[in-house]
Amino acid sequence: HRAYGLHQDIPRAFELWTEAARLGDLDAHFNLGCRYYDGEGVKQDVDRGIRHWQHAAIEGHPESRYMLGYHEYSSGNHELA
């Protein structure tokens with residue numbers, strides 16, 4: 001965090017989140033989903049972001065469920081949201 005004088009290393013964060021997601025960490029799936037969905041620190045890939053959220057949501061991750069609902073609602077799929 002820059003407020004503490006630390007340098008952000010986005011590629012390293014992606015590397016660690018990817019490994020953690022591979023090992024089943026739901027927060028890592030959520031974080032990757034957010035970054036891919038928004039294109040933050042990586043080329044935007046909405047479908048890939050949604051897949052990460054879906055994986056975590058199926059396992060009960062509440063923030064991922066929320067983001068999937070948000071995506072469906074803002075895409076006009078109100079019944080699916």
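**Reading burial, helices and packing**

A: Tyr-36 is buried, with a relative accessible area of 8%. Buried means under 20% relative accessible area, exposed over 50%, and partly exposed in between, using a 1.4 Å probe and protein chains only. The model is predicted, so local features need pLDDT of at least 70 and side-chain atom pairs count only at pLDDT 80 or more, while totals for chains, interfaces and linings use all residues. Residues are numbered from 1 along each chain as its sequence is written, and side-chain values use heavy atoms, with hydrogens and water left out.

Q: Which ring pairs does Phe-14 form with Trp-17 and Tyr-36, and how are they classed?

A: Rings of Phe, Tyr and Trp (its six-membered ring) pair if their centres lie within 6.5 Å; planes under 30 degrees apart count as stacked, over 60 as edge-to-face and the rest as tilted. By this rule the count comes to three aromatic pairs. For Phe-14 and Trp-17 the ring centres are 5.8 Å apart and the planes stand at 75°, so this pair is edge-to-face. Both residues, Phe-14 and Trp-17, lie in helix H1, three residues apart, about one turn of the helix. Phe-14 is buried at a relative accessible area of 10%, whereas Trp-17 is partly exposed at 22%. The rings of Phe-14 and Tyr-36 are also edge-to-face, because their centres are 5.7 Å apart and their planes at 75°. Phe-14 lies in helix H1 and Tyr-36 in helix H2, so the pair ties together parts that are 22 residues apart in sequence. Ring pairs link Phe-14, Trp-17 and Tyr-36 into a cluster.

Q: What span should helix H2 have, and what marks its two ends?

A: Helices (H or I, at least four residues) are DSSP runs, numbered from the N terminus. The expected span is 1.5 Å times one less than the number of residues. For the 13 residues of H2 (residues 26-38) that gives 18 Å, and the end C-alpha atoms are 18 Å apart, which agrees. At the start of H2, a side-chain oxygen of Asp-25 comes to within 3.1 Å of the backbone nitrogen of Asp-27. Just after H2, Gly-39 has a positive phi of about 70°.

Q: Which helices do the buried residues of H2 pack against?

A: Contact means heavy atoms within 4.5 Å. The buried residues of H2 pack against helix H1 (10-22), helix H3 (46-58) and helix H4 (62-74). Among the buried residues of H2 are Ala-28, Phe-30, Cys-34 and Tyr-37.

Q: Which residues make up the largest nonpolar core?

A: In soluble globular proteins, nonpolar side chains tend to be buried together. A nonpolar core is a set of buried Ala, Val, Leu, Ile, Met, Phe, Trp, Tyr and Cys residues joined through side-chain atoms within 4.5 Å. Here the largest has eight residues: Phe-30, Cys-34, Tyr-37, Ile-50, Trp-53, Ala-57, Met-67 and Leu-68. H2, H3 and H4 are the elements that give two or more residues to this core. Apart from it lies another core, of five residues, including Phe-14, Ala-21, Ala-28 and Tyr-36.

Q: Is His-71 buried or exposed, and which side chain does it make a polar contact with?

A: A polar contact is a pair of N or O atoms within 3.5 Å; within protein, one must be able to donate a hydrogen and the other to accept it, and residues adjacent in sequence count only if both atoms are side-chain atoms. His-71, found in helix H4, is buried, with a relative accessible area of 14%. The side chain of His-71 makes a polar contact with that of Tyr-37 (2.8 Å).
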